[in-house]
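Me: I have this one open for the first time. Can you walk me through it piece by piece?

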Amino acid sequence: MTTSRRPRTATRYLSAPTLVRLVQTLGVEACLRGIAEHIREDFCRWPDFDKSARVANHSRDGVIELMPIADDTLYSFKYVNGHPKNTRVGLPTVMAFGVLADVDTGTPLLLSELTLTTALRTAAMSAVAAQALACPGSRVMALIGNGAQAEFQALAFAHLLGIRELRLFDTDPAATDKLVANLRDSGLTLTRCASTAEAVRGADIVTTVTADKTNATILTPEMLAPGMHINAVGGDCPGKTELHADVLRAARVFVEYEPQTRIEGDIQQLPADFPVTELWQVLTGQTPGRRDDAEVTVFDSVGFALEDYAALRFVHAAAERLGLGEALDLIPDLDDPKNLFGLLRPRAASLRRAA
């Protein structure tokens, strides 16, 4: 009897060097725009997805998380850590990889680095939110925290919103030096500031992207100005915040996935009934975003699995189009899918002969 089986699909593997090549080939702007478009498309299909908060294992100095999501066609997950002290031993604060799989069979289609991709998708998500929430014509952004994510945020806001001036502050001057060097040819006006208060003065948008795993108050109520949009990125796990609670009370607050943000976002400081709006409702037109030019808005961004799903879709399609990546034998190729042990028989026979 002949066993019919589905043709084998090799898993495409994108290593970190291959992802760098992909981004260099397409250009950072094209990648930010492409990922942003995929994020918008997928957020507008919000009800199609089986959603859950990420699974997190916390330790004294960091967290390791799994972030799964699926619709009826594709499943994805991301493995990601957050260890702010890693830079002291020469490691990135964030390291990640992810999988995109076929829902019908469970076949893994893609295994990809997601450290660089996460930086791109986080910045693209910030820009998608700001397009809906910031005042039209915003041109000046304060960037508080000038570490590994900062350049991506800066370029996303420059390319997707038209930001022209960055006001920079970090408690580590070397981080600002690095940022200025990397953005020297970007066409952006870069202004170093001596404090958060100085940086936010005159800013249309304030992006906070600090790494310290503490309940911090990077932004306080007296720093707010009418019409300001706050892109709060750094407060992304329990016990880690960036905004004074009164900043949130003074604003309309928007989130990605409320059950997750209640635990991890800046709104963890506030009662469970503090009103927030999930961004997908704004992107689909079900709820208004910014209502007037004087309103203060906050995007309490913690990162959600749907953003990684969108980013994986983008890099998978781009890699196929560019012919990048390699075929990875991640799954055994079986002549008879019911005979897994058969893979071991040649090895077992050779051992008997040796004895």
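Me: Which residues of helix 2 are buried?

Reply: This is a predicted model. In helix 2, the buried residues are Cys-31, Leu-32, Gly-34, Ile-35, Ala-36, His-38, Ile-39, Asp-42 and Phe-43.

Me: And what do the buried residues of helix 2 pack against?

Reply: They pack against helix 1 (16-26), helix 3 (115-133), helix 4 (150-161), helix 9 (279-283) and helix 10 (305-322).

Me: How many residues does helix 2 have, and how far does it reach?

Reply: Helix 2 covers residues 28-43, which is 16 residues. From its first C-alpha to its last it reaches 22 Å, close to the 22 Å expected at 1.5 Å a residue.

Me: Helix 1 was on that list. At what angle do helix 1 and helix 3 pack?

Reply: The angle is about 40°, and their axes are 9 Å apart. That makes helix 1 oblique to helix 3.

Me: Which residues meet there, between helix 1 and helix 3?

Reply: From helix 1 there are Leu-19, Val-20 and Val-23, and they meet Leu-116, Thr-117 and Leu-120 in helix 3.

Me: What about helix 1 and helix 10, how do their axes cross?

Reply: They cross at roughly 80° and come within 11 Å. Helix 1 is therefore roughly perpendicular to helix 10. Leu-19, Leu-22, Thr-25 and Leu-26 in helix 1 meet Phe-314, Val-315, Ala-318, Ala-319, Arg-321 and Leu-322 in helix 10.

Me: Is helix 10 mostly covered or mostly open?

Reply: Mostly covered: 13 of its 18 residues are buried. Helix 10 reaches 26 Å from first C-alpha to last, close to the 26 Å expected at 1.5 Å a residue.

Me: What follows helix 10?

Reply: Gly-323, which has a positive phi, near 70°.

Me: Which strands does strand 16 pair with?

Reply: Strand 12 (residues 229-232) pairs with strand 16 in the parallel sense over 4 bridges. Strand 14 (residues 252-255) also pairs with strand 16 in the parallel sense, over 4 bridges. As for individual bridges, Asn-231 has Phe-299 as its partner in strand 16, and Val-255 has Asp-300.

Me: Are the faces of strand 16 covered or open?

Reply: Both faces are covered. Thr-297 and Phe-299 lie on one side, Val-298 and Asp-300 on the other, and all of them are buried. In a regular strand the side chains alternate between the two faces of the sheet.

Me: How many bridges join strand 7 to strand 8?

Reply: There are 5 bridges between strand 7 (residues 140-144) and strand 8 (residues 165-169), and the two run parallel. Leu-143 has Leu-168 as its bridge partner in strand 8.

Me: New topic: where is Asp-71?

Reply: Asp-71 sits in the loop between strand 3 (63-70) and strand 4 (74-82).

Me: Why does Asp-71 count as buried?

Reply: Because its relative accessibility is 9%, and the cut-off for buried is under 20%.

Me: What does the side chain of Asp-71 make a polar contact with?

Reply: The side chain of Tyr-309, at 2.8 Å. A polar atom of the Asp-71 side chain also lies 2.8 Å from the backbone nitrogen of Thr-73. Not counting residues up to four places away in sequence, Asp-71 touches Arg-45, Asp-48, Phe-49, Val-103 and Tyr-309.

Me: And Gln-260, buried or exposed?

Reply: Gln-260 is buried, with a relative accessible area of 2%. Its place is in helix 8 (residues 258-264). Leaving aside neighbours within four places in sequence, Gln-260 is in contact with Ser-52, Ala-53, Arg-54, Val-302, Gly-303 and Phe-304.

Me: Last one: where is Asp-329?

Reply: Asp-329 is in the loop between strand 17 (326-328) and helix 11 (345-354). At 62% relative accessibility, Asp-329 counts as exposed. Asp-329 and Gly-34 are 29 Å apart in space, C-alpha to C-alpha, and 295 residues apart in sequence.

Definitions and conventions:
Residues are numbered from 1 along each chain as its sequence is written. Side-chain values use heavy atoms; hydrogens and water are left out. The expected span of a helix is 1.5 Å times one less than its number of residues. Buried means under 20% relative accessible area, exposed over 50%, partly exposed in between (1.4 Å probe, protein chains only). Contact means heavy atoms within 4.5 Å. Two strands pair if DSSP finds at least two bridges between them. A polar contact is a pair of N or O atoms within 3.5 Å; within protein, one must be able to donate a hydrogen and the other to accept it, and residues adjacent in sequence count only if both atoms are side-chain atoms. Axes are lines fitted to C-alpha atoms, for helices over the stretch in contact, and angles run from 0 to 180 degrees between N-to-C directions. Angles under 35 degrees count as roughly parallel, over 145 as roughly antiparallel, 65 to 115 as roughly perpendicular and the rest as oblique.
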